[in-house]
Amino acid sequence: MPGVIEETPIEVAIVGGGIIGLCLAAGLIKQDVKVKVYEQAKGFREIGAGMAFTANAIRCMGLMNPDIVSALRSGGSVATSLDKNDPNDYLRWIDGYNKRRKEDPSYQQMLFKIDAGYRGFEGTRRDMFLEALIKIIPQDIVELKKRLDTLEEKPNGRIQLKFTDGTSAEADAVIGCDGIKSRVRELIFGSENPASYPHYTHKVAYRALVPMDKAIQALGEYKATNQHNHVGPNAHLIHYPVANQTMINATAFVSDPNEWPDDKVTVVPGLRIDLEDVFANWNPCLTALIRHFPEKLEKWAVFDTWDYPAPFFNKGNVCLAGDAAHASSPHHGAGACCGIEDALCLCTLMSQVKSTLDGKSATKKEALGSAFEVFDAVRRTRSQWLVNSSRRVCDLYHQPEWGSEQQWIKAETCFEEIKDRSLKIWHFDYDAMIKQTVDQYAKKQPSREVLREVTNGSEKVLASGNGNGTANMTLPLAVAAN
């Protein structure tokens, strides 16, 4: 009931058992929050694609729960640069298109590099990290084959989750970590709102894991064992070592002027020969590398939330995090890192909510609503900037000027901008974020108490507000799941 201070623990339902959902669950467990993770898949085995985390994101993991970092490293993470003469990691951009030396067609000119420091990045296989994460979370926390259908706020302020299998569950709060095709986002904004869905970026991706010995044959030892981004007109290819240096993760991105035919099917069969056609006139090192891709590939349409960003990340005691809130294209390689920042912010807020409830100064509904308002205020601007910036840097990688010798200098002027954008990601001040989060949450508490009245020993809530003007409103019944 409103105004009644509950003694029971906070119960949080996380929708989505991907990397951000499981990292958040591991962090909340450390805060003694009662957590349930609902994942629609039958199991956790993901595709074996590679991914990388910045040193900053890894430190955020450690602040949430040191076991997350242990899981990352037990899953085979390695530094993305393996130069025996230099322990630091770098981002490197190299001319992937032109043959700048007639006497040495395979020569590639280094265009720019940024020093990310010692172990500035750690690359891993997504599936291996996920399997390691599962081991640090109690088995009874996760429920599989749970596809969310609707959310409804009950009279007692708790949120009821209904699943397409006919079952239901309740929690004090729901956090949508269900990825780029988030059902929670659709429930918040409605099925007719374009902000409920991601949109095509007009880029497609082809991913492959190439054994290190084959990569060395194609690229040479230095390029194969260190991260490189090969840029050129209307395409680029990035690779870095993974799986304890036994493989490289390679992804080719190609511009596509056409519309994607079906936004519900974003992965379709592809062929290596199609990629070979795109890169036919590129540097022979890249054409040699692509010959080691599997003959049959998956062609990924790259979608993001740039066209219609979410106007807010929270509604009442439901909020969005990770790709569900701000799905980005992968050209900064920082979408998951940004999701880790989200998770740290949410763990910080749950700690503050616990303190509020221990002090009996607010109800769960009030305290959690305040927490999610703060999350929206602290995280939305930065995370939506990343979505925008990722689109921008891809445009710079794909400049048509790379194909014109007379315009090489013009094309190369992009790197100062790329450096500034990259440093904004790497040098994120998470301590300042934590302080801002705690301070903003604390500022909300006195105003809540001022609006409370005690009459004849009974506490009554006179009013309570929300930065969106929608807090404490019942969530609308949603359309049925597709």
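A word on the model: it is predicted, so local features need pLDDT of at least 70 and side-chain atom pairs count only at pLDDT 80 or more, while totals for chains, interfaces and linings use all residues. Residues are numbered from 1 along each chain as its sequence is written, and side-chain values use heavy atoms, with hydrogens and water left out.

Let's start with the sheet. It is open, with 8 strands in the order E6-E5-E14-E15-E16-E13-E18-E17 and mixed pairing. Strands here are DSSP runs of E, at least two residues, and helices are runs of H or I, at least four, numbered from the N terminus; two strands pair if DSSP finds at least two bridges between them. At the edges sit E6 (110-118) and E17 (267-271), each pairing on one side only.

Now, what packs on the sheet? Helix H6 (residues 212-219) does, touching E13, E14, E15 and E16. Helix H14 (residues 415-426) packs there too, touching E5 and E6. Contact means heavy atoms within 4.5 Å.

Finally, the cavity. On a 1 Å grid over the protein atoms alone, that is a set of points where a 1.4 Å probe fits but cannot get out, and lining residues have an atom within 4 Å of a point. The whole structure has 1 cavity of 30 Å³ or more.

Key
1 Å grid on protein atoms, 1.4 Å probe; cavity = no way out; pocket = protein on both sides within 12 Å on 5 of 7 lines; lining within 4 Å. Points joined across faces, edges and corners; volume = space filled by probe spheres on them. Axes fitted to C-alpha atoms, helices over the stretch in contact; angles between N-to-C directions.
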